[in-house]
Amino acid sequence: MRLEPIADPGLTRTLGLPAAALALTVIIGSLLALLAGADPFATLGLIVKGAAGSRFAILETLNRATPLIFTGLAIAVAFRARLWNIGAEAQLYAGAVMAVVLGAGALGWPAYLLLPAMALAAALAGALTLLGPTILKTRFGVDEVVTTLLLNFIALLFVSMLLEGPLKDPMGMGWPKSARLIPEARLPRIVEGLRLHWGFGLALISAALVWLIGARTTFGFEMCAVGRNANAAAFAGMPVNAVMLKTALLSGGLAAMAGFSEVAGLKGSLTLDISPGFGYTGIIVAMLALLNPLGVVVSAIFVAGVFVGADSMSRAAGVPTYIADILLATALLTMVLAIMLTRFRVRRG
Amino acid sequence: MGGAAAVVLRLDRITKRFGKLTANDAISFELREGEVIALLGENGAGKTTLMNILFGHYTADAGGVELFGAPLPPGQPRAALAAGVGMVHQHFTLADNLTVTENILLGAEPLWRLRLGRGAARARIAQLSEDYGLKVARDARVGDLTVGERQRVEILKALYRDARILILDEPTAVLTPQETDALFATMRKAVARGLSVVFISHKLHEVMAISSRVLVLRHGRLVGEVKTAETDRHRLAELMVGAEVCAPRIVEGSEGAAHLTLERVTTPDRGSAPGLKRAALELRAGRITGLAGVSGNGQAALADLIAGLIGPTEGRLLIAGAEPAGWSPRAALGAGVARIPEDRLKTGAIADFTLTENAILETYHAPPFSRRGFMNWRAAADFARRIIERYDVRCPGPETPIRLLSGGNMQKLILGRALEATPRIVLANQPVRGLDIGAVAYVQEQLLAARARGAAVLLISEDLDEVMALSDVIHVISEGRLSPAFARGERSAAELGVWMAGDGFAERADAA
């Protein structure tokens, strides 16, 4: 079997194949629902309704999408430059820790000073978390997939240590949980009375900025060139290693904003379970968006919708929520396949 | 033997398409016992595709292959091997860390035998190398051999497996003229013993020297089949390109100041590729300096040095007589070095980028393309359009990804990007490799035009004929050492060949 590149895929291929991928995902989801003893149409209907069926559902989905937009952007930025950052989870926790360190009473500043300071400190912490593995990569050729992945576990254990020690909430009755943020350190809600917080707004602004960097700035051009062909970029005189390091700072900072936004916007304190794998899910989000920053917003909302919808469906129909993971995994695989098939034709011999 | 000899190989209307491209269009021919046929054609004419079909690497879309009267099952290299076809590829398929003997036995011996029949095998290899004039040290590690010796191992490997038909794919591209003569002697011995040889080449004089018949391919079609005795180089060239060929005209120019000087420069070795060894070189204004040599003898190190990718570990590199403060690709560009790299797709361009993006790849960071950290894409597109127009780049537009262009048009864009800054020094590393003849002529004209403008041009090529045709001054490189400069016409190809083999240097060392 061989792959033959297609010069001009045409509209039927570019639209038809992703649609077919989505259809395949729905079919597999239906089969799974059937396997769990539920009516597949009702199950899918409940997922859609749970994700977007009411104002509450929609806001819940957007809330869930917020950290995914940040981690998705972090992955998209890094992957475009071929910096394989699998450590968004660690960077997220680094940001969350900084939010708590500054926001739980250490600084008695007003909100308009405190929130930017927290965000900045969080982004810096995340950026530094990714800088280490990237220096190891550019200096010594250490594979960043391994280092960033393993750092996730180190970060989690480190946070666990903090929550049992210096950051432990004295009023927490022994739970591994940080003190609550002071009111000035909380991200306000976008509309009073509704659960959606300004973290979502920040995420949208970040997506627009990342798009601007990629499409309009000199640094964006360098990132893209280094990602597509580092050899040619170096020959052309680009500072390849410096571009890698700057990319790492941007990517780590974005991932850390997810942690800041979850703590300051949603949870109000730090626990070990603030991220149910947002760092990893960010990879799916970024890949589904083809690493396009504006696409990340759409795919993050889609992925969040599947999770939120599956949660609510599970309560109503009794199909396990794991169906959400399977649906997303299937969507990712079929989508990647569909994208490959728009660029290549499979030939025998 | 003439027409009476048995047909050993028959290709019947072989057709192979890759997408829209027809690489082979209904090609038929016969190979007889004891003859050398030459398959002549430009790069991309379909020679290698055809042989890969014969050898089973590709399956044909239509048509069939018959070996010794029996049809060959398509797509099975093993079947071709078993039927007695031996192929020596352009890129060798040898294990560097094994000895010559082990390489020859590799795959020819059953895996489950604990003790290889080494004694008998060694005797047989000795006999074969004696019979065919393939001298090679049987116990040397292949990694330590020269390119010419490796090729002999490849041929021995095929003969050891009782090949009756030898396919040699551009075998002389990596050889000195002397090694080529030795290869031809081997081929003559082989046909005298009843073997048949398919000799693939685009070098006319070699085809004239060794073959009995010539098949000419152009754009995937068999456009001519002639007896070598009944044709001449001129006629073959016409068949090959489909038009009258004229060599570039060189007008005598005047020599100017030294724009770039190397003083006893040494650079580190990289793996098996040698670095420069105390190399001295002067690139003068209004001169094309040619660098001849067998590939892998330090050309890459010299090119990387002048391109700014590496610096000298010993000795000095001077730009217009002064040592530059730092040496990097940007420093080289700033010093007026235009760079045409050896590998268009790996180093010269970013395949997925548009023509616009590739056009500004070296200058993107300065005005008018970049101001205060933001790109001015309109200025970039204007610049790309200017290059497309001036250098005749055939493309749908500046927003086309460059990977969709032909090699020639890609090279024109890279050439335009390099020459648009009116450089003082032009580094052209294998600038016409893989291009069709029209693009070759264009690139060579542009290099000559740069010379006429007063640029100092360094032309690195493995094609000795090209170097001799274009250069005012020739250096030969061998194992990182540079020969003294020879003026145009001072040395014959054979004399340069002695240097390419590394022999002239020893004499000089003795004399010194």
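## Exercises on a predicted two-chain model

In this predicted model, helix 3 (residues 55-80) of chain A packs against helix 7 (residues 198-216) of chain A at an angle of about 25°, and their axes lie 9 Å apart. Let's work from there.

**Exercise 1.** Find how helix 3 and helix 7 of chain A are oriented to each other, and which residues meet.

*Step 1.* Start with the angle, about 25°. Angles under 35 degrees count as roughly parallel, and therefore helix 3 and helix 7 of chain A are roughly parallel to each other.

*Step 2.* Next comes the hand: the crossing of these two helices of chain A is left-handed.

*Step 3.* Now look at the side chains in your viewer. Helix 3 of chain A brings A:Leu62, A:Asn63, A:Thr66, A:Ile69, A:Phe70, A:Leu73 and A:Val77.

**Exercise 2.** Trace the open sheet of chain B and find what packs on it.

*Step 1.* Write down the order of the 6 strands: 6-7-8-3-9-10, with mixed pairing. At the edges are strand 6 (85-88) and strand 10 (221-227) of chain B, each pairing on one side only. From one strand to the next, the twist averages 15°.

*Step 2.* Zoom in on one pair. Strand 7 (residues 165-169) and strand 8 (residues 196-201) of chain B run in the parallel sense over 5 bridges. For B:Leu166, the bridge partner in strand 8 of chain B is B:Val197.

*Step 3.* Helix 8 (residues 233-241) of chain B packs on the sheet, where it touches strand 3 (36-40), strand 9 (213-218) and strand 10 of chain B. The direction of this helix makes about 30° with that of strand 9 of chain B.

**Exercise 3.** Describe the contact between the chains, with a closer look at the side of chain A.

*Step 1.* Count the residues: 16 come from chain A and 28 from chain B.

*Step 2.* On the side of chain A, the elements giving two or more residues are helix 8 (218-228) and helix 9 (230-235). Helix 8 of chain A gives the most, with 5 residues.

*Step 3.* By class, that side of chain A has 7 nonpolar, 6 polar and 3 charged residues.

Conventions
Residues are numbered from 1 along each chain as its sequence is written. Chains are lettered from A and ligands numbered from 1 in the order in which they are written. This is a predicted model: local features need pLDDT of at least 70, side-chain atom pairs count only at pLDDT 80 or more; totals for chains, interfaces and linings use all residues. Two residues are in contact if their C-beta atoms, placed from the backbone, lie within 7 Å. Helices (H or I, at least four residues) and strands (E, at least two) are DSSP runs, numbered from the N terminus. Ala, Val, Leu, Ile, Met, Phe, Trp, Tyr, Cys and Pro count as nonpolar, Asp, Glu, Lys and Arg as charged, and the others, Gly among them, as polar. Axes are lines fitted to C-alpha atoms, for helices over the stretch in contact, and angles run from 0 to 180 degrees between N-to-C directions. Angles under 35 degrees count as roughly parallel, over 145 as roughly antiparallel, 65 to 115 as roughly perpendicular and the rest as oblique. A crossing is left-handed if the near helix is turned anticlockwise from the far one by less than a right angle, and right-handed if clockwise. Two strands pair if DSSP finds at least two bridges between them.
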